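Trainee: I'd like to learn how to read a model like this one. Could we go through it together?

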Amino acid sequence: MEFLSYLIIGVSLGSVYAIIALGYTMVYGIAKMLNFAHGDVIMVGGYISLLSMTSLGLPWWAGVLLAILVCTVLGVVIEGLAYKPLRASPSLAVLITAIGVSYFLQNAAQLLWGASPMSYTPIVSGSLPVGGLSISYISLVTIVMCVVIMTALTLFTEKTRMGKAMRACSEDKGAAQLMGINVNRTISLTFAIGSALAAIAGVLLCSFNTSLMPTTGSMPGIKAFTAAVFGGIGSIPGALLGGVLLGIIESLAKAYISTQLANSIVFAVLIVTLLVRPAGLLGKYVPEKV
Amino acid sequence: MEHLLKVENINVYYGAIHAIKDVSFHVDAGEVVTLIGANGAGKSTTLQTISGLLRSRSGGIEFNGESIGRLPPHRIVERGLAQVPEGRRIFLQMSVQENLEMGAFTRRGGVSEEELERVFEQFPRLKERRRQIAGTLSGGEQQMLAIGRALMSRPQLLMLDEPSMGLAPILVEQIFEIIGKLHRSGTTILLVEQNAQMALSVADRAYVMETGRIGLSGTGRELAESDLVKKAYLGG
């Protein structure tokens, strides 16, 4: 029984990682860059939703919508101002810029909202008794959200014209341009989707943690990035698998081994996995015909 | 009569390297024109400049009387200019049909079955394999897919960059048969080739490129019979 409840916590924590990992993986797949500021967009989403509930007195769903809106715009603006001018630059320049944007967001948040933690009221509270277990509603909401998002994104990339254009861009930007696809616009759209997901992840994460500070997004961001690599970066199902596995490993490690060591164990699993499967669990390798 | 494509004194640089020097030529509607020349002569660079992937520092490119030299690549495709890139560059992880759909990206309405059927008529092999992932096709099939994909945009001018590269002789024959067929059905073609003999056999007119400049030009037959071209490109 105890094991089962740790497992459920793990799956719901993992679902948050999966939603964040999607943002990393989509941006990596298309722009071929690691957007280290992604975790901090989560934090911004958390603050916007919290402040719209507390300061503006909006209902929680309006707060969530506002957070999605602000983060989407923020993501597109970051891409346009910081990354787009570096499109032709070496990838190291883009990586350093992303780290810079990450610190910028953290410090801007500190300036705006202070460095001390604020308490966050979960969007849903209470729990559902199932047999001898009690599953918190926020866990259920998170898992359902994750499944819905995953399904929607898969349908989008498989079935729609823009989704297919995204896949084309992720394979070969030059060839995509020759098809008449506007690559810059496709990259902006990817950032918009990733950042909207970050806002949702922010709300869910803060509802779990019930607190929020300017560095809230950075550790989950790094873990979700780990999850994306673990599952196979660039792959949408890989982000789901990596995220959920990571959440379970973390939750079980905390429960049965040591809370302090949990993070080390998570990253150790990543290292071992990559030694065995360098492309991640679901990473694609398509041989090229010459 | 106005030329369909008019390239006038373009100059293209890779950093400090002056890759294309004052290149001018034209293509008229209905023609097959070929650019031949050795590896590194600037043929592909010229095509990429017309497509907008590279920029010319000076000179101009006109298509249908409109200047396209400053347009981004996707705007150029919208105007009816399609390119089959060197090395095919099909989307290996997408299905054959999805590749063809991408070729029709500029037509917002989506792709009708008739549209696909038109390409499948030219390339029956692709019809058999329409659900297959493009990466599993043979080299020749991939080249056919690359050509079919470009035709999906219903281009007024089709530019082919080294379509015979890396293919077995029998497949090279097949590709050139297809080019001939497209020509007879009224498609205007600009063909870049290292295989000068094959290229000259299908071309109405040809330009010879050498280290970034256009040297000789003439009809396909004139050049095929010219001593200079024979010696340099046709092996005797």
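Trainee: Into which domains is chain B divided?

Mentor: Domain bounds come from an automatic or database domain assignment. In chain B, domain 1 covers 5-80 + 155-233 and domain 2 covers 93-154. Before we go on, this is a predicted model, where local features need pLDDT of at least 70, side-chain atom pairs count only at pLDDT 80 or more, and totals for chains, interfaces and linings use all residues. Residues are numbered from 1 along each chain as its sequence is written, chains are lettered from A and ligands numbered from 1 in the order in which they are written, and side-chain values use heavy atoms, with hydrogens and water left out.

Trainee: How many residues of domain 1 of chain B are in contact with domain 2 of chain B?

Mentor: Contact means heavy atoms within 4.5 Å. Here 14 residues of domain 1 of chain B touch 13 residues of domain 2 of chain B. The centres of these two domains, taken over C-alpha atoms, are 23 Å apart.

Trainee: And what area do domain 1 and domain 2 of chain B bury between them?

Mentor: The size of an interface is often given as the accessible area lost when the parts come together. Buried area is that loss with a 1.4 Å probe, summed over both parts. For these two domains of chain B it's about 1200 Å², with 73% on carbon and sulfur atoms. On the domain 1 side, B:Pro155, B:Ile178 and B:Leu182 supply 35% of the buried area, more than any other three residues.

Trainee: How many salt bridges does the rule find across that interface in chain B?

Mentor: A salt bridge is a side-chain nitrogen of Lys or Arg within 4 Å of a carboxyl oxygen of Asp or Glu. Between domain 1 and domain 2 of chain B, the rule finds zero. As for helices, they're DSSP runs (H or I, at least four residues), strands being E runs of at least two, and both are numbered from the N terminus. α7(B) gives the most to the side of domain 1 of chain B that touches domain 2 of chain B, with six residues.

Trainee: Now the two chains. How many residues does each give to the contact?

Mentor: Chain B gives 29 residues and chain A gives 23 residues. The area buried between the chains is about 2500 Å², and carbon and sulfur atoms give 58% of that. Look for B:Phe91, B:Gln93 and B:Phe105, which supply 27% of the area that chain B buries against chain A, more than any other three residues.

Trainee: How many salt bridges are there between chain B and chain A?

Mentor: The count is three. In one salt bridge, A:Arg167 pairs with B:Glu98, and the closest N and O atoms are 2.8 Å apart. Among the elements of chain B, α3(B) gives the most to the side that touches chain A, with four residues.

Trainee: Where in chain A is confidence lowest, and where is it highest?

Mentor: pLDDT is the predictor's confidence in each residue, from 0 to 100. Within chain A, strand β2 (residues 127-130) is lowest at a mean of 87, while helix α3 (residues 60-83) is highest at 97. The pLDDT is below 50 over residues 286-290 of chain A. Chain A has a mean pLDDT of 93, with 98% of its residues at 70 or more.

Trainee: What about the domains of chain A: how far apart are their C-alpha centres?

Mentor: They lie 19 Å apart. Domain 1 of chain A is 27-112 + 131-214 and domain 2 is 217-281. These two domains bury about 900 Å² between them, 85% of it on carbon and sulfur atoms.
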